[in-house]
Each structure stands twice: as C-alpha cells, then as structure tokens.
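Biologist: I would like to learn how to read a helix and its surroundings. Please start with the terms.

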Amino acid sequence: ANTVWAFATAGVAARTLFGAIASVAQRRIVEFNPQGIANMAWAFACAGWDRSRVFLELGAVAAERLVDLNEKEKSQLYLVVLYFQIEWPDLNFPLSSHLESFKAA
C-alpha cells in the first residue's frame, strides 16, 4: 500500500508496478489495516487505474471496517467512490451507499 501511495503522490503511474501490486493485494487484502486500504484505493484512483476489480475488493473490505476508518481515510475513500462512479457508472461500488457519511468527514 505504501509503495503505490508513494508513486501516486509523486504523480508516477507505473502500470507494471501497479499491476503487480494489485495482483498481490487482491490475495492479501484482508491483512490490510484501514490506512492501507484507503491509501491503496486512493493511489489506484490517482493513477487512473482502469480495472474495477481491485476497487471492488478494496471497497468491500473498507465497507466491513467502516467503524475503524478515521477522517483522513474516509476522505480518501470519498474520492475513490467518486472516481469509481465516473469510471464505472453501471457497477455498484461497495462504499457508494456510505458516500454522505464520508462527505461529513
């Protein structure tokens, strides 16, 4: 999570690296803490990642851990929800129903 966050923060969208990290993350996502989930989802959105599966999986895990998210993490995920809705308007993102509570953060 920290690696993709650093690359996204620097404005570097290294597709091969992001692809490899997405592959590993999808197998180990339940091990991520709330900050790791939010950072990774935000980084993939900032990089313009175009594969919905990683967002769906990160969103599902984040939705299960809503009570553990702090304001910064909610803020990051709010941006991810908006990105997802623009990129895949026909898909239901797991956190979309929580959008209003994220705006309050």
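Modeller: Buried means under 20% relative accessible area, exposed means over 50%, and partly exposed lies in between, with a 1.4 Å probe and protein chains only. Helices (H or I, at least four residues) and strands (E, at least two) are DSSP runs, numbered from the N terminus. This is a predicted model, where local features need pLDDT of at least 70, side-chain atom pairs count only at pLDDT 80 or more, and totals for chains, interfaces and linings use all residues. Residues are numbered from 1 along each chain as its sequence is written, and side-chain values use heavy atoms, with hydrogens and water left out.

Biologist: Which residues of α3 are buried?

Modeller: They are P34, G36, I37, A38, N39, M40, A41, W42, A43, F44 and A45. That is 11 of the 13 residues in α3, so the helix is mostly covered.

Biologist: What covers the buried residues of α3?

Modeller: Contact means heavy atoms within 4.5 Å. The cover includes α1 (2-9), α2 (15-28), α4 (52-64) and α5 (71-87).

Biologist: What span should α3 have, and why?

Modeller: The expected span of a helix is 1.5 Å times one less than its number of residues. Helix α3 has 13 residues (34-46), so it should span 18 Å; its end C-alpha atoms are 18 Å apart, which agrees.

Biologist: What is found at the N-terminal end of α3?

Modeller: N33 caps that end, with a side-chain oxygen 3.2 Å from the backbone nitrogen of Q35. Just after α3, G48 has a positive phi of about 70 degrees.

Biologist: How do I read a nonpolar core?

Modeller: In soluble globular proteins, nonpolar side chains tend to be buried together. A nonpolar core is a set of buried Ala, Val, Leu, Ile, Met, Phe, Trp, Tyr and Cys residues joined through side-chain atoms within 4.5 Å. The largest one here has 32 residues, and M40, F44 and F55 have the most contacts inside it. Two or more residues come from each of α1, α2, α3, α4 and α5. Helix α3 gives the largest share, eight residues.

Biologist: Which residues does F55 contact, leaving aside neighbours within four places in sequence?

Modeller: Among them are A41, F44, W49, V80 and F93.

Biologist: Is V24 buried or partly exposed?

Modeller: V24, in helix α2, counts as partly exposed because its relative accessibility is 38%. V24 and F93 are 69 residues apart in sequence and 21 Å apart in space, C-alpha to C-alpha.

Technical notes:
A polar contact is a pair of N or O atoms within 3.5 Å; within protein, one must be able to donate a hydrogen and the other to accept it, and residues adjacent in sequence count only if both atoms are side-chain atoms.
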